[in-house]
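Hi,

Here is the structure I promised to pass on. Please open it next to this note; what I found follows below.

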Amino acid sequence: GPPTPRPADIEIGPALEAFWAMAGVGPGARGIELSLEMSRRVPSRLRTDWAMTRQVLTNLVSNALRHDAGGGVRLVVDAAAVDGAGRGLRFEVIDHGGGLPEDEAAVLHRPFEEATARHTLEGGAGLGLAISRYLVHSMSGRIGYENTGTGARVWFEIPVAAASATVTVAPARSPHPPAGGRCLLVDDDRIGAIISAHQLER
């Protein structure tokens, strides 16, 4: 079955800044300008599954960096009402390239099992989008895209809740990931194994 979200209180500003700092040090980001915009409407403290949200952002930003033609990649975060809920977040990842290819965009409308089977055989193209769709739907959210003529805008919206009295700040990661090593991944669930392997590859 789909993964179960594990919401926790978080300060979203520092969490996003730590994520964005990591996004700018990978080999795919060399020479590409990255910008982060967060609306003042976004509450500073909220409750969500940040690990799952961060994985979706990692996939979308990685995809945007791959397609960007040098105009830069932008992450825009705003408040949103999701399915009539009173509180939610909208994330937009915007690049300046040739737009999202149809074969990759199609996975946003396919069942996860079909999308992963097809794109694993095709060398992984679109796999990050398939996983992102799966995770967003697991959080009761929605995901979509549009080609703007100057690039692609891939967005997702997820519901969030108000934070409690205390808050956990997402720890900042080192901007210099450790050198590659070996890892044994064991999972009795095929879908879980695909997602875990994709996370480890990042």
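Start with the lining of the largest cavity: helix 2 (50–67) and strand 7 (152–159) each supply at least two of its residues. Helices (H or I, at least four residues) and strands (E, at least two) are DSSP runs, numbered from the N terminus. Helix 2 gives the most, with 4 residues.

A word on the basis. This is a predicted model, with residues numbered from 1 along each chain as its sequence is written. Local features need pLDDT of at least 70, side-chain atom pairs count only at pLDDT 80 or more, totals for chains, interfaces and linings use all residues, and side-chain values use heavy atoms, with hydrogens and water left out.

Back to the cavity. The search of the whole structure finds 1 cavity of 30 Å³ or more. The volume of the largest cavity is about 50 Å³. A cavity here is a set of points on a 1 Å grid over the protein atoms alone, where a 1.4 Å probe fits but cannot get out; lining residues have an atom within 4 Å of a point. Grid points are joined across faces, edges and corners, and the volume is the space filled by probe spheres set on the points. Among the lining residues are Leu60, Asn63, Ala64, His67, Asp95 and Val154. The lining divides into 7 nonpolar, 2 polar and 1 charged.

Two strands pair if DSSP finds at least two bridges between them. Strand 2 and strand 4 (residues 73–79) run parallel, joined by 5 bridges. Ser35 has Arg74 in strand 4 as its bridge partner.

Contact means heavy atoms within 4.5 Å.

Last, confidence. The mean pLDDT (the predictor's confidence in each residue, from 0 to 100) is 80 for the chain, and 72% of residues reach 70 or more. Over residues 119–123 the pLDDT is below 50.

Best wishes

Terms used: On a 1 Å grid over the protein atoms alone, a cavity is a set of points where a 1.4 Å probe fits but cannot get out, and a pocket is an open set with protein on both sides within 12 Å along at least five of seven lines; lining residues have an atom within 4 Å of a point. Ala, Val, Leu, Ile, Met, Phe, Trp, Tyr, Cys and Pro count as nonpolar, Asp, Glu, Lys and Arg as charged, and the others, Gly among them, as polar.
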